[in-house]
Amino acid sequence: MTRTIATLAMALTLGLAGCAGQRTIYLALSPTSGPTFHTRGAAIAVAHVLMPPTIDRIYLTTATGPNTRAVSRRARWTAPLAGQAQAILARDLARRLPERRVAMPGDPVPRAALLVHVEVTDFMPHPGHVELAADWRGVRAGKAVAAGRVRIAERCGGGAAAEAHAMSVALGRLADRIAARLSR
């Protein structure tokens, strides 16, 4: 009995020591550079970025196969992923459309603004790359004036920081496509 208790105590101590050695990595999306489109027009606001709850988690979710996902125990988002994507997409659009006012999340939105709605179906690391799949539409006065469907794959190295960077680049490529379509 004493030997069993000692073995359990040793296992618990080793288990706790192993957990203490792994520090949490905090991840954030960041704006990226891209082409500039010189076009004037109504102000733009990213109304929302919708993501399924399987992606919009506190911890980084990775596709490990066609039907399997892994949720990291160490790599954590600094804020909800959908909210980060909305803010970064707005900043990316502002960089790409410098002659148009792009309202940031929380800013007052002008009445005549073009509202960009994004519905994400995939936005996570896969083996060797990050995928972003989304439908978007630009709506003004209740009417869709532009829309698109994207599937973007961005190669990335290993590790959570590299994956978060590749996710930022993929989001920037979405901004490129939206800006190009809105500048026509």
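Biologist: Before we get to bridge partners, when do two strands pair?
Modeller: Two strands pair if DSSP finds at least two bridges between them. Here, in this predicted model, Leu 27 has Trp 77 in strand 4 as its bridge partner.

Biologist: Okay, and in which sense do strand 1 and strand 4 pair?
Modeller: Parallel, over three bridges.

Biologist: Which sheet is that part of?
Modeller: An open one of three strands, ordered 1-4-3, with mixed pairing. Strand 1 (25-27) and strand 3 sit at the edges with a single partner strand each, so one side of each has no neighbour in the sheet. From one strand to the next, the twist averages 55 degrees.

Biologist: How do strand 3 and strand 4 run, and how many bridges join them?
Modeller: They run antiparallel, with five bridges between strand 3 (residues 59-65) and strand 4 (residues 68-77). Tyr 59, for instance, is bridged to Arg 76 in strand 4. A hairpin through two residues links strand 3 to strand 4.

Biologist: Zooming out, how many helices and strands does the protein chain have?
Modeller: Three helices and eight strands. Along the sequence the pattern reads α-β-β-β-β-α-β-β-β-β-α.

Biologist: What's the strand order in the sheet of five?
Modeller: That open sheet goes 5-2-6-7-8, and its pairing is mixed. Strand 5 (102-103) and strand 8 (143-155) are the edge strands, each pairing on one side only.

Biologist: How many bridges join strand 7 to strand 8?
Modeller: 12, with strand 7 (residues 129-140) antiparallel to strand 8.

Biologist: Which strands does helix 2 touch?
Modeller: Helix 2 (residues 81-96) packs on the sheet and touches strand 2 (44-50), strand 5 and strand 6 (114-126). Its direction is at about 150 degrees to that of strand 2.

Biologist: And helix 3, which strands does that lie across?
Modeller: Helix 3 (residues 160-182) lies across strand 2, strand 6, strand 7 and strand 8, at about 145 degrees to strand 8. Helix 3 also lies across strand 1, strand 3 and strand 4, at about 90 degrees to strand 3.

Biologist: Switching to burial, what share of the residues is buried?
Modeller: 40% of the 184 residues in the protein chain. The chain exposes about 10,400 Å², and carbon and sulfur atoms supply 56% of that.

Biologist: What about contacts between residues at least 24 apart?
Modeller: They make up 67% of the contacts in the protein chain between residues at least 6 apart in sequence.

Key
Residues numbered from 1 in each chain as written. Predicted model: local features only at pLDDT ≥ 70, side-chain atom pairs only at ≥ 80, totals over all residues. Heavy atoms only, no water. Helix = DSSP H or I, 4+ residues; strand = E, 2+ residues; numbered from the N terminus. Buried < 20%, exposed > 50% of the residue type's maximum accessible area, 1.4 Å probe, protein only. Contact = heavy atoms within 4.5 Å. Areas by Shrake-Rupley, 256 points an atom, 1.4 Å probe, with all protein chains shown as cover. Axes fitted to C-alpha atoms, helices over the stretch in contact; angles between N-to-C directions.
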